[in-house]
Amino acid sequence: MLRTRSAQSLRLASRRAPVGSARLAVATAASSTNSLASLTGTATRRWLHATPTSRISMPGGGGMGMPGQQQRKPGESLAQFTQDLTKLAKDGALDPVIGRADEIRRVIQILSRRRKNNPVLLGEAGVGKTAVAEGLAQRIVRKEVPESLQAKRVMSLDLGAVMQGTGIKGEFESRVKALLEDVEQAGDVLLFVDEAHLLVKAEGSLDMANLLKPMLARGTLQLIAATTFSEWRTSLEKDAALARRFQPVNLNEPSAEEAIAILRGLRSRYETHHGVSIADSALVACVNFATRCLGSERRLPDAAIDLMDESMASLRLQQESKPERLESMERDLMTAHIELESLRHETDDFSVERRKAVEAKIAETQATYDKLNKIWQDERERLDQVVAIKKDVEDLVHRLEEAERERNFALVAQLRYGELPKLQQRQQEIEDAIRGRSQHRSELDEDEATAGVISNDRVTAEDIAVVVSRQTGIPVRNLLKGERQRLLTMEDALRSRVQGQDEAISAISEAVRLSRAQLQNDKRPLASFLMLGSTGVGKTELARALSSFLFDDESSLIQLNMSEYSEPHTISRLLGSPPGYVGYGESGELDKVRKQRHVIVLFDEVEKACRAVQMSLLQILEEGSIRSAQGQNIDFRNCIILATSNLGAEQLFKPEATDADGKVLPAAKQAVLRSVQRSLPPELINRFDDQLVFNLLRKSDLQGIVDLRLREVEQRLATQRVRIDVDDKAKAWLAERGYDKAYGARPLNRVVRREVLNPLAKGLIQGSVKAGDVVPISLDAKGEGLEIRFPHEAGVTGSEAASSSSAAAAEAGREMERDLEEDDAVEDGDWKVVDPGMAPQPSA
């Protein structure tokens with residue numbers, strides 16, 4: 001109330017209009033404290049009453065000012081919130097624009113219109129919308145535009161700076177108003193607005209788009225907007241009065257050939273900046289890896305430019321950092337000097353001899369270090385000379401372009417035929433010397449050749465592969481052609497883990513080789529298989545073996561148990577919850593594919609999934625992608641899709657289903673496929689590349705599986721430095737006891753745990769097995785069980801061993817038990833692993 005009365009008194013004293021925000025702010029400041037009046041004095045109060053509120057302004061165009069405050073100058077807002085792209089082009093600060101000639105010509109054509117001369121650049125992120133505006137600025141500088149545009153300036157508006165600090169109501173509108181006044185007064189401004197959808201989303205009593213409409217209607221403002229297709233559709237196009245004043249210019253993603261041409265045009269700028277060169281094959285690799293490995297969310301040429309930039313930065317970092325060999329030698333010298341100092345005052349014979357040996361080692365290491373360090377410093381100086389010369393050449397070329405624009409032909413002749421050839425010749429000589437030194441490294445002495453002190457000066461395709469591997473997690477060898485021999489022997493690697501399934505292994509190996517040769521359909525997943533067969537025959541194990549072979553890690557396998565997706569609403573667990581439902585905003589299980597992109601996705605027991613989930617799988621197989629509930633595209637084109645099912649497995653147990661070698665006969669396969677067709681939609685079955693029917697395991701196949709399980713036991717015992725030696729008769733007995741035609745190899749896991757792991761755990765607890773021991777395991781005399789001969793006598797009483805062996809057995813067999821629990825409970829319904837619980841503590 002007091003502040004309102006003060007504002008009313010100001011209005012009466014100045015005899016102006018009713019109370020406004022400016023006078024209310026003045027009254028607030030004047031009445032906030034009594035000390036303010038004593039400090040400002042009578043003169044200030046008289047000024048407040050005598051000054052019109054139109055002269056009371058805040059910095060930036062609105063609000064309250066004080067006596068003596070400088071008023072806004074013409075053009076001040078334009079200089080504060082925009083950047084002159086034309087000036088940057090004249091100074092040579094912009095990268096060359098390669099391609100996009102048709103789009104730039106279309107923009108010039110729209111700008112030359114009498115009405116509605118405002119182009120809007122529409123394209124996905126990374127396709128080069130800003131580059132079109134920069135290309136227009138460069139053409140204006142070179143006078144390659146119509147006469148009506150030659151005097152124009154392309155000014156890039158910083159919307160973030162305009163909206164920053166506009167918490168006071170009306171401040172944003174005041175800034176925009178001042179900016180538009182400056183643009184209208186200048187008369188030669190082409191205002192470029194990147195992320196133009198922010199024009200509508202800008203907060204305030206009025207958004208910026210409504211403030212622009214009058215000037216756009218009068219034609220006193222020419223605007224070049226840039227935004228994506230989705231933002232144009234959801235924001236700007238909804239405002240029909242605003243959208244009709246723009247003329248769309250669509251920018252599609254460039255082709256691979258166009259992207260390579262763009263990289264070649266930008267090469268010199270990046271070489272000058274980083275001080276390293278890049279091979280043409282590396283530019284091609286940038287484009288290929290960007291399209292193959294970085295997913296559909298990244299667009300050319302931005303993704304390829306990022307790979308080129310990061311690989312050159314990585315090589316430059318290697319050149320500027322001290323080589324690892326020199327750092328290791330420095331640490332060795334420091335350690336040796338510390339030891340020498342501690343031995344310096346010792347007089348016994350051993351210390352004297354040791355001191356002499358340390359001194360000799362220091363002298364030898366120091367000599368080698370000085371030699372290698374000099375070689376490294378010389379290489380750095382040569383590379384620095386190349387960087388300096390490249391910078392001089394770039395500056396000289398810029399001066400030459402300026403002289404040509406100014407028609408100073410004398411200076412043009414001096415630069416083009418005098419100074420420039422000399423610099424280029426000097427640059428070529430230094431680069432040839434460095435390249436020749438790199439080619440003859442093998443002729444250097446042993447220390448210099450093996451030290452790695454001479455780093456490469458040129459980025460190659462292998463360097464690009466390393467950068468891609470770092471970003472995506474794909475092993476480097478999978479990106480290079482050096483894995484040819486490994487791919488040709490892929491069947492052997494998979495056969496070492498999965499026994500008796502040669503046909504399925506061959507089919508999957510052929511699909512992987514097809515994808516590595518880039519002959520697969522680039523609009524679908526790399527490969528997709530429906531794996532059919534009885535439980536325990538190796539379907540899931542083959543998926544794990546394939547993940548380990550391709551990615552060196554089984555964590556690249558995304559396993560989805562379809563029994564958890566039997567209800568229609570569970571599809572939200574895969575793709576996320578839609579808007580308005582619980583869990584909206586949280587990612588689904590398939591969102592992992594967006595992050596890793598190169599994985600194997602296993603849909604286990606696919607027949608148990610509901611129809612909605614099965615139709616989602618159909619879309620993945622057909623289109624290679626699916627959209628999540630948040631609208632994000634999940635790309636499966638670099639994934640291998642595997643689905644397992646036990647449908648029709650009962651057909652495989654008939655006597656006439658297999659031949660003498662245990663292979664499934666064609667008639668039995670057709671019977672299995674008919675069972676699948678009765679349960680799964682035909683359109684889903686038809687989308688798989690192939691349906692693989694797994695053979696039933698034979699006893700001979702179980703011999704190899706026994707070796708695999710015993711190898712796993714040895715890996716667990718390796719942490720305690722204990723080994724086992726199992727003879728052939730014991731292995732045959734394990735295979736015989738672990739074989740079950742109906743349940744495959746899973747009963748073998750239980751036999752190994754009961755007959756091998758449990759006795760070993762008891763021996764470790766009793767002290768019968770110690771570190772470094774080899775425990776022989778053989779068949780007993782009666783042939784009814786295994787005989788484990790412990791190297792030592794038990795060091796623990798029988799009661800103590802009995803009380804603690806259960807806990808030890810559970811600990812030793814925990815990993816195998818976890819593997820068993822991962823399998824479907826329906827498949828293993830005939831047995832159950834019982835947790836032994838907490839063992840009682842040994843008596844004192």
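Me: Why is Lys-116 called partly exposed?

Reply: Its relative accessible area is 33%. Buried means under 20%, exposed over 50%, and partly exposed in between (1.4 Å probe, protein chains only). Since 33% falls in between, Lys-116 is partly exposed. A word on the background: this is a predicted model, where local features need pLDDT of at least 70 and side-chain atom pairs count only at pLDDT 80 or more, while totals for chains, interfaces and linings use all residues. Residues are numbered from 1 along each chain as its sequence is written, and side-chain values use heavy atoms, leaving out hydrogens and water.

Me: What makes Asp-349 exposed?

Reply: Asp-349 has 62% relative accessibility, and that lies over the 50% limit, so Asp-349 counts as exposed. Its place is in helix α18 (residues 349–405); helices (H or I, at least four residues) and strands (E, at least two) are DSSP runs, numbered from the N terminus.

Me: How do you know that strand β9 is largely enclosed?

Reply: Six of the six residues of β9 (residues 527–532) are buried, so the rest of the structure largely encloses this strand. In a regular strand, side chains alternate between the two faces of the sheet. Here both faces are covered: Ala-527, Phe-529 and Met-531 are buried on one side, and Ser-528, Leu-530 and Leu-532 on the other.

Me: Why is the contact of Arg-264 and Asp-280 called a salt bridge?

Reply: The term asks for a side-chain nitrogen of Lys or Arg within 4 Å of a carboxyl oxygen of Asp or Glu. For Arg-264 and Asp-280 the N to O value is 2.8 Å, so the contact qualifies. The pair links distant parts of the chain, 16 residues apart, with Arg-264 in helix α14 (residues 256–274) and Asp-280 in helix α15 (residues 280–293).

Me: What makes Arg-513 and Glu-491 buried?

Reply: Arg-513 has a relative accessible area of 17% and Glu-491 has 12% relative accessibility. Both values are under 20%, so both residues count as buried. They also form a salt bridge, with the closest N and O atoms 2.7 Å apart.
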